[in-house]
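Colleague: I would like a close look at one part of this model. Please walk me through it in short steps.

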Amino acid sequence: MMTNQLLIQRFETVFTPAQARVLAESITEAYADLIKAKDFNELKAIVKDLAEAQQRTEMRLEQLAEAQQRTEARLEQTNARLDRLTEVVTGLALHVGQLTQTVDKLAKQVAALTGEVGGLSRSMSYALENEAYRFLPAFLERQYGIILRERIIRTEMAGKEVNLFARGERDGRPVCLVGEAKLQLDERRQNKREAEKVFAQLQAQAETVRKLYPDCEVILILVTHYARPAFLKRARELGILVVQSYEW
């Protein structure tokens, strides 16, 4: 857009100076009004856009407010569940504490009972040994021709305890009786390891006696109240005599 002065100079080439000035001023004012109308239209468009943006923002804020309300409601429900869970856990903790005390009492009772049973088992084992000391000599002579020349005793040899030991003879040859007294002998699967332990213990005792009495035939014997058939079979395979108390 030319300035007012430039318009006057150009119009003076055709019109009188007064006419050129009036014409230039008219054109300048008209153009100024046109610019103002255009700016107003642009401003209205901007205001409209801002109003729509505000509406969208308000709608978004309403949605956010609703979402916040739903979140707060879920939080209240979660807190209520946590409170109930805390009560349950507290109750369980008290119950576990009581149960622990009960288990401790039972453990002490079981320990005491185990001690009593162990003492009773030892007493019964000693009683079985005492019976063996009295009844075995006659039984061995009657059943196997073994004549004991001395009393059966409990002794220790080379640091190994021997429940039953005595010297004697069979068919005029010297023998050494080496044995153990066990309340019950079992070789079922759950007791197989214990049975093999008994056999190994006897074999170790036999080796010790053979070194101390090289001229004696070592006769291994197990005395018990009851032996299961599988144990008796295994003992026979190993050359071990098994005598059950009801036999004498």
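Predicted model: local features only at pLDDT ≥ 70, side-chain atom pairs only at ≥ 80, totals over all residues.

In which sense do β3 and strand β4 pair, and over how many bridges?

Modeller: Mean pLDDT for the protein is 82, with 85% of its residues at 70 or more. Strand β1, residues 146-148, has the highest confidence, at 97. Helix α1, residues 4-11, has the lowest, at a mean of 75.

Now your strands. β3 covers residues 160-170, and β4 covers residues 173-185. They pair in the antiparallel sense, over seven bridges. Find L164: its bridge partner in β4 is G179. Next, look at the turn.

Follow β3 to another pairing. Strand β2, residues 153-157, pairs with β3 over four bridges. The sense is antiparallel. M157 has K160 of β3 as its bridge partner. This hairpin, too, has two residues between its strands. Here A158 takes a positive phi, near 50 degrees.

Go back to β4 and look for β5. Strand β5 runs from residue 217 to 227. It is joined to β4 by 10 bridges, and the two run parallel. L185 has A227 of β5 as its bridge partner. Keep one rule in mind as you trace a strand. In a regular strand, side chains alternate between the two faces of the sheet.

Last, a pair of helices. Helix α3 spans residues 192-212, and helix α4 spans residues 229-237. Their axes come within 12 Å and cross at roughly 30 degrees. Angles under 35 degrees count as roughly parallel, so α3 and α4 are roughly parallel to each other. Their crossing is right-handed. On the α3 side, A195, E196 and F199 make the contact. On the α4 side, F231, R234 and A235 do. Of these contact residues, four are nonpolar, two are charged and none is polar.

Key: Residues numbered from 1 in each chain as written. Heavy atoms only, no water. Pairing = 2+ DSSP bridges. Axes fitted to C-alpha atoms, helices over the stretch in contact; angles between N-to-C directions. Parallel < 35°, antiparallel > 145°, perpendicular 65-115°, else oblique. Left-handed = near helix turned anticlockwise from the far one by under 90°. Contact = heavy atoms within 4.5 Å. Nonpolar A, V, L, I, M, F, W, Y, C, P; charged D, E, K, R; others polar. pLDDT = per-residue confidence, 0-100.
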